[in-house]
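Let's take a friendly walk through a protein structure. Have a look at it first, and then we will go through it topic by topic.

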Amino acid sequence: MNKGKVIIFSAPSGSGKTTIVKHLLSINNNLAFSVSATTREARPGEVNGKDYYFLTKSDFLKHIQNNDFVEYEEVYPGTYYGTLRSEVERIWALGKVVIFDVDVVGGLNLKRIMGNRALAVFVKPPSISILQNRLKTRATETDLDLENRINKAVSELQFEPKFDAVLINDQLNETFEHAQQLLQLFLNTTP
Ligand code: ADP
Ligand code: 5GP
């Protein structure tokens, strides 16, 4: 198996990483999204195998026992997320660069595991109150989930210095341009 490069986007929930990752995928044919496994419910419009592999908790636990994950985490109490080895290998076998959308701890774990094959980007909201507004507008969480996500965001912001690059997501068009620049610079460098 020829191992390729990986680019990791991590951020507190609501910072905009999914928006950025989808944009980069739409303009770069040599990137492919690492579809994570999760035990959370699918949101309206989410497709199994495209946005996530939606698994039952017992199937997820079986994958843990089989050592099928590159990394996994209980990102929110009772809700698991993880990157399957088979997913990364599938993308490398296509000769493509893997793009990850994972939480901050998962991103740092992947950076450690992937070494110099990885560029780890921390996506930062302009402020916590803007983050809160964006999450409310997205309207995908219950009030309790929203509170959990905001509390987790505050602690996750401390991890910014451990990443290779920081992308402040204020004006979306500027963010897209900056993300594309970071990506090109990374792809143009060896190995
Ligand atoms: P994450 O994947 O980090 O949880 P999302 O990409 O789902 O975040 O973005 C959270 C919400 O904020 C979405 O509704 C998205 O459309 C919106 N959003 C993302 N970036 C911006 C931005 N720069 N300005 C305004 N709204 C944004
Ligand atoms: P959401 O429920 O909003 O899709 O995702 C919640 C959080 O889990 C986000 O920060 C998302 O990036 C993260 N996440 C998604 N997939 C994975 C994964 O495979 N591993 C880890 N560690 N986090 C993930």
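In the side chain of Thr 83, a polar atom sits 3.3 Å from an oxygen atom of ligand 2. That is a polar contact, meaning a pair of N or O atoms within 3.5 Å; within protein, one must be able to donate a hydrogen and the other to accept it, and residues adjacent in sequence count only if both atoms are side-chain atoms. Please keep in mind that this is a predicted model, in which local features need pLDDT of at least 70 and side-chain atom pairs count only at pLDDT 80 or more, while totals for chains, interfaces and linings use all residues. Residues are numbered from 1 along each chain as its sequence is written, chains are lettered from A and ligands numbered from 1 in the order in which they are written, and side-chain values use heavy atoms, with hydrogens and water left out.

**Around ligand 2**

- Ligand 2 is surrounded by 17 residues, and the closest are Ser 36, Arg 40, Tyr 52, Glu 71 and Tyr 81; a residue counts as near a molecule or strand if one of its heavy atoms lies within 4 Å of it.
- Tyr 81 has a polar side-chain atom 2.5 Å from an oxygen atom of ligand 2.
- For Asp 101, an N or O atom of the side chain is 2.8 Å from an oxygen atom of ligand 2.

**Around ligand 1**

- Ligand 1 has 13 residues around it, of which Gly 14, Thr 18, Thr 19, Arg 138 and Asp 170 come nearest.
- The side chain of Thr 19 places an N or O atom 2.5 Å from an oxygen atom of ligand 1.
- Arg 138 has a polar side-chain atom 2.8 Å from an oxygen atom of ligand 1.
- Gly 16 uses its backbone instead: an N or O atom there lies 3.0 Å from an oxygen atom of ligand 1.

**The sheet**

- Strands of a sheet pair through backbone hydrogen bonds, either parallel or antiparallel.
- Here, five strands make an open sheet with parallel pairing, in the order β2-β7-β1-β8-β9; two strands pair if DSSP finds at least two bridges between them.
- Strands (E, at least two residues) and helices (H or I, at least four) are DSSP runs, numbered from the N terminus.
- Why is one side of β2 (31-33) and of β9 left without a neighbour in the sheet? Both stand at the edges, each with a single partner strand.
- From one strand to the next, the twist averages 25 degrees.
- Helix α3 (residues 85-93) packs on the sheet and touches β1, β2 and β7, and its direction makes about 150 degrees with that of β7. Axes are lines fitted to C-alpha atoms, for helices over the stretch in contact, and angles run from 0 to 180 degrees between N-to-C directions.
- β1 and β8 are joined in the parallel sense over five bridges, and Val 6 has Ala 118 in β8 as its bridge partner.
- β8 and β9 also pair in the parallel sense, over four bridges, with Ala 165 in β9 as the bridge partner of Val 121.
- β8 is largely enclosed by the rest of the structure, because six of its seven residues are buried. Buried means under 20% relative accessible area, exposed over 50%, and partly exposed in between (1.4 Å probe, protein chains only).

**The nonpolar cores**

- A nonpolar core is a set of buried Ala, Val, Leu, Ile, Met, Phe, Trp, Tyr and Cys residues joined through side-chain atoms within 4.5 Å.
- The largest one has 20 residues, and Ile 7, Phe 9, Ile 20, Leu 24, Leu 31, Ile 99 and Leu 167 have the most contacts inside it.
- Two or more residues come from each of β1 (6-10), α1 (17-27), β7 (97-102), β8 (118-124), β9 (165-168) and α7 (172-187).
- Which element gives the most to this core? That is α7, with six residues.
- Another core, of 18 residues, lies apart from this one, and its members include Val 70, Val 98, Phe 100 and Leu 108.

- Glu 87 belongs to helix α3 and counts as buried, at 2% relative accessibility.
- The side chains of Glu 87 and Tyr 53 are joined by a polar contact of 2.8 Å.
- Ala 139 lies in the loop between α5 (128-138) and α6 (143-156), and its phi is positive, near 55 degrees, though it is a residue other than glycine.
- Is Ala 139 buried or exposed? Ala 139 is exposed, with a relative accessible area of 59%.

Terms used
Contact means heavy atoms within 4.5 Å.
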